[in-house]
Amino acid sequence: MKVSGFTFIRNAVRNDYPIVEAITSILPLCDEFIVVVGNSDDGTRGLIEGINSPIIKIIDSVWDESLRDGGRVFAVETDKAFAAISPDADWCFYIQGDEMVHEKYHPLIKKEMQEALNKPNIEGLLFKYLHFYGSYDYYGHSRRWYRREIRLLKNIKGIHSYRDAQGFRLNDRKINVKLIDAYIYHYGWAKPPKGLSNKVRNFNQFYHDQDWMEQHLPETYEFDYSNADRLIRFTGTHPQPMQKRIAATNWNIDFDPKKFKDGMSFRRKLLQKVEDLTGWRVSEYKNYKIVER
């Protein structure tokens, strides 16, 4: 069984993406790893080279910044990485620059790949998510945060990144997946206030034109933490590659989770209660089709 990792990245230093940690968190599960590095001016390529792994293949790319319709450029760059995967690869493991897999899940993930390898009805594996917010001590858990997404795909012709690269499609239909009991740790919102302000501005420039940016996200924009809905204190351990970054944390935000919950509308509280009691998220958007659990 051959496994190929793949990702894309640009200006990881400037935007504080833990791309090295992301890659190394799944590198032990991979036989090759494709990294598409966009035109950066902050030493991002050197970061990838510094991993010093013989299985990593770097592909240089220039982003088409005119693709601002729904963040389309992110999908284009993802597809470049997917297209470079060796034809003999069985599984393709996608990781974004702010995502990680805890090493405790490696044995389970490998077992799930082996068991699903010869099941044609399973085209991908669906992961659960932990979205860290504001700090490494809290994660968002409400309808504002997507619960699951595909991160392992069989190497099937016709698979392509969908919309802004959150998920995938196979010839424009949803991919048939098995839901596995492993989590992606998402750190994109675990930044100090200034870092989150910069993230929102940098991210939205690939969705909107300059007029929209100046109107909605001017240089004076300051991030508002109040839209999390519900936060839960994290009591587990973080992935080993992330330990050094967390130890160097130089900001502290002491959230009061009750205030977030009190700010939810009655409807959102009711729907959240239904989910908590039954596990059913009413009208959940699903960019996949679960065929096995």
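Helices here are DSSP runs of H or I, at least four residues long, numbered from the N terminus. Noting that first, since I'll be using the labels. Also for the record: I'm working on a predicted model.

I looked up the largest pocket and got a volume of about 1,400 Å³. Its lining runs to 48 residues, and His 186, Trp 189, Lys 199, Phe 203 and Tyr 207 sit closest to the centre. Strands S1 (3-9), S6, S8 (148-154) and S11 (176-189) each give two or more residues to that lining, as does helix H5 (193-204). H5 gives the most, with five. By class I get 18 nonpolar, 13 polar and 17 charged residues.

I find 15 lining residues, with Lys 128, Tyr 129, His 141, Arg 147 and Tyr 183 nearest the centre. S6 gives the most here, with four residues, and S7 (138-140) supplies at least two.

I searched the whole structure and found one cavity of 30 Å³ or more. The largest cavity has about 40 Å³ of space. Its lining includes Asp 16, Tyr 136, Tyr 187 and Arg 245, and divides into five nonpolar, no polar and three charged residues.

I placed Glu 123 in the loop between helix H4 (106-116) and strand S6 (124-133). Its relative accessibility is 7%, so I count Glu 123 as buried. Its side chain makes a polar contact of 2.6 Å with that of Arg 173. Leaving out residues up to four places away in sequence, Glu 123 also touches Leu 153, Ile 156 and Leu 170, among others.

Key. Residues numbered from 1 in each chain as written. Predicted model: local features only at pLDDT ≥ 70, side-chain atom pairs only at ≥ 80, totals over all residues. Heavy atoms only, no water. Buried < 20%, exposed > 50% of the residue type's maximum accessible area, 1.4 Å probe, protein only. Polar contact = N/O pair within 3.5 Å; in protein donor to acceptor, adjacent residues only side chain to side chain. Contact = heavy atoms within 4.5 Å. 1 Å grid on protein atoms, 1.4 Å probe; cavity = no way out; pocket = protein on both sides within 12 Å on 5 of 7 lines; lining within 4 Å. Points joined across faces, edges and corners; volume = space filled by probe spheres on them. Nonpolar A, V, L, I, M, F, W, Y, C, P; charged D, E, K, R; others polar.
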